Amino acid sequence: ATNGAECLGLFQKNVEDIDIVLMNLIMPKIDGVEALDRIRSIDPGTKIIIMSGFNREQTLGRFDEKKPDGFIQKPYSVIDLRQELARVAQTI
């Protein structure tokens, strides 16, 4: 998806096939905070990993009680991404 609105549209159309969503904190149209809230209202069990150039504390501090299941700081390596995906996938 190229923006938060497109992310939500794709999620709604494919909710049955999606276990984990990987998305940016900062996105055009709808940011990661609002997108997470909307995704969780559609399917509370969907795992969400937020990626950001901000550090973990700055990023997670933007969320209320609904926190993402994972975080990865940009820039990241494929190894870092695989590790975070594996960690979050273990909770499915």
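Which residues are buried in α1? In this predicted model, local features were considered only at pLDDT of at least 70 and side-chain atom pairs only at pLDDT 80 or more, whereas totals for chains, interfaces and linings use all residues. Residues are numbered from 1 along each chain as its sequence is written, and side-chain values rest on heavy atoms, with hydrogens and water left out.

Helices (H or I, at least four residues) and strands (E, at least two) are taken as DSSP runs numbered from the N terminus. In α1, the buried residues are Gly-4, Cys-7, Leu-8 and Phe-11, where buried denotes under 20% relative accessible area, exposed over 50% and partly exposed the range in between, computed with a 1.4 Å probe on protein chains only. These residues cover an arc of only 95° around the axis, which puts them on the same side of α1; the arc is that of the directions from the helix axis to the C-beta atoms. An α-helix has 3.6 residues a turn, so residues three or four places apart point the same way. The cover over the buried residues of α1 includes β1 and α2, contact being defined as heavy atoms within 4.5 Å.

The buried residues of α2 are Gly-32, Ala-35, Leu-36, Ile-39 and Arg-40. Seen down the axis of α2, these residues fall within an arc of 130°, so they line one face of the helix. Among the elements that cover them are α1 (4-14), β1 and β2.

Six of the six residues of β2 are buried, so this strand is largely enclosed by the rest of the structure.

Two residues of the loop between β1 and α2 may be described individually, namely Lys-29 and Asp-31. Lys-29 has a positive phi of about 70° although it is not a glycine, and this residue is exposed, with a relative accessible area of 71%. Asp-31, by contrast, is partly exposed at 34%, and its C-alpha atom is separated by 12 Å from that of Ala-1, 30 residues apart along the chain. In the loop between β3 and α4 (78-89) lies Pro-75, and the peptide bond from Lys-74 to Pro-75 is cis, with omega near -10°.

As to ring contacts, Arg-62 lies over the face of Phe-54, at 4.6 Å from the ring centre, the criterion being NZ of Lys or CZ of Arg within 6 Å of the ring centre and within 35 degrees of the ring normal.
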